[in-house]
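Work through the exercises below with the structure in view, and try each task yourself before reading its solution.

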Amino acid sequence: MKDFVGFKTQFAECIANTSEYTETKKRIVLMRCECGKEFKTSYVNLRPKSVISCGCRNKRGTKLPVEGDRFGKLAYIAETIGTGSHGMALHAFKCDCGKSKEMNSVNAIYGAVMSCGCLPRGRRTHRMSRSREYKIWIG
């Protein structure tokens, strides 16, 4: 049998071979995730660029939030509390102003949502700044 110890994937490393096998007779190996947790998986999942983790990352390799993570004014407080209109998992966040917000965590991770709505949207214009008239007026 091949020795997989030391084999690295994108987010984990094989630390031991086991004597266990899956139902389909595939060898199971012990892995250590970059977050420190150990988990078992079948050796057939081991490819250099595979996104294997203990569960701390999603299928795309994005790190999933844990309690206390902050995104702008929002603090992550609870894992899946239901599903939204498109079947995506909803997570609970608490804003610095005290309000709670339920939304998909991807919106917070990528910065699309930074607060419960209490944060002003930044400078707004009158939407005419690109018009010919405005450019003449401004000089």
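**Exercise 1. Work out what share of the contacts with a separation of 6 or more comes from residues 24 or more positions apart, and describe the chain as a whole.**

Solution. In this predicted model, residues 24 or more positions apart account for 21% of the contacts in the chain that have a separation of 6 or more. Next, turn to the elements: the chain holds 2 helices and 7 strands, and from the N terminus on they run β-β-β-β-β-β-β-α-α. Finally, consider the surface: of the 139 residues, 29% count as buried, while the accessible surface of the chain comes to about 10200 Å², of which 50% belongs to carbon and sulfur atoms.

**Exercise 2. Find the order of the strands in the open sheet of 3 strands, and explain which strands stand at its edges.**

Solution. Begin with the order, which is E1-E2-E3, with antiparallel pairing. Strand E1 (12–21) and strand E3 (38–42) each have a single partner strand, so they stand at the edges and one side of each is left without a neighbour in the sheet. On average, neighbouring strands of this sheet are turned by 30° against each other, direction ignored.

Then examine the pairs. Between E1 and E2 there are 6 bridges, and Tyr21 has Arg27 in E2 as its bridge partner. Between E2 (residues 27–33) and E3 there are 5 bridges; here Leu30 is partnered by Lys40 in E3, and Arg32 by Glu38 in E3.

The hairpin of E1 and E2 has 5 residues between the strands, and in it Lys25 takes a positive phi near 65°, whereas the hairpin of E2 and E3 has 4 residues between the strands, with Gly36 at a positive phi near 110°.

**Exercise 3. Decide whether Thr41 is buried or exposed, and do the reasoning for strand E2 as well.**

Solution. Thr41 is placed in strand E3. A residue counts as buried under 20% relative accessible area, and because Thr41 has a value of 12%, it is buried. Leaving out residues up to four places away in sequence, Thr41 touches Arg27, Ile28, Val29, Met31 and Leu46. For strand E2, 6 of the 7 residues are buried, so this strand is largely enclosed by the rest of the structure.

**Exercise 4. Identify which residues form the 3 salt bridges, and state where the partners lie.**

Solution. Start with Lys40 and Glu20, whose closest N and O atoms are 2.6 Å apart. Lys40 lies in strand E3 and Glu20 in strand E1, so the pair ties together parts that are 20 residues apart in sequence. Both ends are partly exposed, Lys40 with a relative accessible area of 48% and Glu20 with one of 34%.

Continue with Arg32 and Glu38, whose side chains meet in a salt bridge at 2.8 Å, N to O. Recall from Exercise 2 that Glu38 in E3 is also the bridge partner of Arg32. Arg32 counts as partly exposed at 38% relative accessibility, and Glu38 is partly exposed with a relative accessible area of 45%.

End with Arg70 and Asp96, which meet at 2.5 Å, N to O. This pair links distant parts of the chain, 26 residues apart, since Arg70 is in strand E4 (residues 70–71) and Asp96 is in the loop between strand E6 (89–95) and strand E7 (100–103). Arg70, at 45% relative accessibility, counts as partly exposed.

Notes
Residues are numbered from 1 along each chain as its sequence is written. This is a predicted model: local features need pLDDT of at least 70, side-chain atom pairs count only at pLDDT 80 or more; totals for chains, interfaces and linings use all residues. Side-chain values use heavy atoms; hydrogens and water are left out. Two strands pair if DSSP finds at least two bridges between them. Axes are lines fitted to C-alpha atoms, for helices over the stretch in contact, and angles run from 0 to 180 degrees between N-to-C directions. Buried means under 20% relative accessible area, exposed over 50%, partly exposed in between (1.4 Å probe, protein chains only). Contact means heavy atoms within 4.5 Å. Accessible areas come from the Shrake-Rupley method with a 1.4 Å probe; for residues, only the protein chains shown count as cover. A salt bridge is a side-chain nitrogen of Lys or Arg within 4 Å of a carboxyl oxygen of Asp or Glu.
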